[in-house]
Amino acid sequence: MTVHQNFIAGDWVGGGDVNRNINPSDLSDVVGEYARADAGQAGQAVAAAAAAAPAWGRSTPQARFDALDAIGTEILARREELGRLLSREEGKTLPEGIGEAARAGQIFKFFAGEALRQTGDVVASVRPGIEAAVTREPLGVVGIITPWNFPIAIPAWKIAPALAHGNCVVFKPADLVPGCGWALAEIISRAGLPAGVFNLVMGSGAVVGDAILNGPAVAGVSFTGSVDTGRKVAAACVGRGAKFQLEMGGKNPFVVLDDADLGTAVECAVNGAFFSTGQRCTASSRLIVTEGIHDRFVAAVVERLNALVVDDALKDGTHIGPVVDQRQLDQDLSYLEIGTGEGAKLACGGERLQRATEGFYLSPALFTETDNAMRINREEIFGPVASVIRVKDYDEALAVANDTDFGLSSGIATTSLKHAAHFRRNAEAGMVMVNLPTAGVDYHVPFGGRKGSSYGAREQGSYAAEFYTTVKTAYTFAG
Ligand code: NAD
């Protein structure tokens with residue numbers, strides 16, 4: 001098997017250690033072998049990016065557009081193949097994998113356009129004879145560190161704006177899913193970017209991630225991952241005065257009111273909580289349901305969950321693929337025990353399943369009779385496990401929805417315009433969904449949250465410029 005290499009200063013280079021990428025649907029299937037960079041190579045990638053930064057920072061919008069547009073075109077043309085690779089290494093179903101790959105292509109297309117929309121402000125000075133101009137400039141070198149659960153979309157929504165705004169990139173994908181990161185890097189490597197503008201360094205967080213965080217030339221770090229790692233990123237960046245943005249966990253509420261359309265509420269809850277095996281930061285793991293609809297809602301969700309097919313991610317007809325790895329599976333199983341120990345009732349699922357191949361299969365689990373103080377409702381589980389919390393009315397539902405350390409996405413199922421409007425205004429979350437699942441967003445508008453979920457500037461859309469640029473105010477005395 002050929003070992004997929006790192007891309008540093010325009011060259012493909014081997015690493016020390018080799019990472020075997022295993023298919024979670026079939027543990028006998030090795031997706032590929034990937035070279036892990038060492039700290040020295042990560043340092044070389046940072047140095048190459050720093051050397052390329054001045055020229056790339058002055059590159060024309062046309063050059064940036066051409067590169068990003070070509071990358072987007074190729075990803076879209078290869079969406080089926082890339083989606084298959086994604087599903088094979090991460091365990092999302094094939095339609096979800098293809099959808100994510102297509103989204104990565106659309107993101108590059110969007111940011112190709114953003115490269116052309118580089119604007120500023122010319123402002124009348126308060127002093128005579130002076131012109132003030134406000135413009136945006138690149139940060140320089142940006143470190144990009146991504147999680148395993150969206151192996152192509154998250155890298156795309158960080159790399160594309162970084163390049164569009166004239167930055168050089170050192171990218172580290174999650175060690176668990178290097179395949180999509182490598183495939184994306186291979187496409188980027190042929191897009192005509194000067195050597196050093198884009199670098200791929202695969203490997204562990206403790207070695208490669210740490211070298212990026214502490215690389216003196218890295219002016220900004222864009223991170224998505226867990227709260228614990230996010231805190232380390234923050235500490236390292238604050239310590240040396242680097243800019244950073246963090247997208248972290250969620251414990252997203254989905255409120256179902258008595259007046260909801262039951263079919264809509266059930267579809268939103270099942271999709272939001274369990275699709276992609278519940279491994280989404282926007283998953284609705286807390287289903288907050290008013291008492292008039294509670295029993296009907298629970299019965300309908302259980303019926304729907306029992307009909308879902310949990311199987312090989314690549315198989316036709318699979319609704320839910322496997323959990324990503326043994327560690328995540330152990331975490332899911334331990335929260336199932338914690339929930340039962342706390343007095344929650346397991347209405348369905350939570351069983352370890354055997355399929356034709358050995359994989360990390362778990363049936364979607366629904367807890368009922370839970371309250372918001374339980375650990376299963378406070379801590380992110382990140383698996384196919386959700387809880388129903390029964391509440392009296394809308395006011396209590398809103399209070400419970402907001403009673404959390406997180407604030408990424410928040411949803412409601414209702415036919416009441418009054419409650420929908422009130423919820424949109426008062427949900428303490430970066431994203432609010434009305435009669436839609438908490439997960440599933442557009443690629444051209446801001447993405448991000450509040451409280452423990454996010455820190456720093458928003459990602460995606462034109463708001464991405466906030467992170468990937470620094471503002472300059474220039475005064476000219478024209479006499
Ligand atoms: P993680 O924190 O374990 O890893 C994320 C990345 O950080 C990986 O590339 C990892 O190698 C790297 N890393 C780990 N230790 C590091 C260190 N000391 N220094 C530098 N880098 C280090 O997270 P994960 O398990 O890959 O992803 C799951 C988490 O990501 C969940 O908590 C989920 O909610 C979150 N997530 C959030 C969003 C969002 O936008 N809010 C999106 C997707 C996933």
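E369 is found in strand β18, which spans residues 365–370, where strands (E, at least two residues) and helices (H or I, at least four) are DSSP runs numbered from the N terminus. Its phi is near 55 degrees, a positive value in a residue other than glycine. Most residues other than glycine have a negative phi. At 42% relative accessibility, E369 counts as partly exposed, because that class lies between buried, under 20% relative accessible area, and exposed, over 50%, with a 1.4 Å probe and protein chains only. The model is a predicted one, in which local features need pLDDT of at least 70 and side-chain atom pairs count only at pLDDT 80 or more, whereas totals for chains, interfaces and linings use all residues. Residues are numbered from 1 along each chain as its sequence is written, and side-chain values use heavy atoms, with hydrogens and water left out.

A positive phi, of about 55 degrees, is also found at A9, which is not a glycine. A9 is placed in the loop between β2 (6–8) and β3 (11–13), and with a relative accessible area of 35% this residue is partly exposed. Another loop, between α1 (39–57) and α2 (61–77), holds S59, which at 14% relative accessibility counts as buried. The side chain of S59 makes a polar contact of 2.9 Å with the side chain of R64; a polar contact is a pair of N or O atoms within 3.5 Å, and within protein one must be able to donate a hydrogen and the other to accept it, while residues adjacent in sequence count only if both atoms are side-chain atoms.

The protein chain is divided into domain 1 (3–248 + 453–477) and domain 2 (253–434), with bounds that come from an automatic or database domain assignment. The C-alpha centres of the two domains lie 31 Å apart, and the contact between them takes 23 residues from domain 1 and 28 residues from domain 2, contact meaning heavy atoms within 4.5 Å.

The largest nonpolar core has 86 residues, of which F108, I159 and F198 have the most contacts inside it; such a core is a set of buried Ala, Val, Leu, Ile, Met, Phe, Trp, Tyr and Cys residues joined through side-chain atoms within 4.5 Å. Helix α5 (residues 153–164) gives the largest share of this core, 9 residues, and at least three residues are drawn from each of domain 1 and domain 2. When neighbours within four places in sequence are left aside, the residues in contact with F108 include L68, I71, A156, I159 and L184. A second, separate core of 29 residues includes A260, V266, L305 and I320.

In strand β11 (residues 218–224) lies F223, which is buried, with a relative accessible area of 3%. The C-alpha atoms of F223 and K158 are separated by 8.9 Å, although these residues are 65 residues apart along the chain. Beyond its neighbours within four places in sequence, F223 is in contact with residues including K158, T229 and M248.

Of the 27 residues around the ligand, T146, S226, T229, M248 and E380 come nearest, a residue being near if one of its heavy atoms lies within 4 Å of the molecule. Oxygen atoms of the ligand lie 2.7 Å from a polar backbone atom of T146, 2.9 Å from a polar side-chain atom of W148, and 2.8 Å from an N or O atom in the side chain of K172. Taken alone the ligand exposes 850 Å², and the protein buries 89% of that, the areas coming from the Shrake-Rupley method with a 1.4 Å probe; for residues, only the protein chains shown count as cover.
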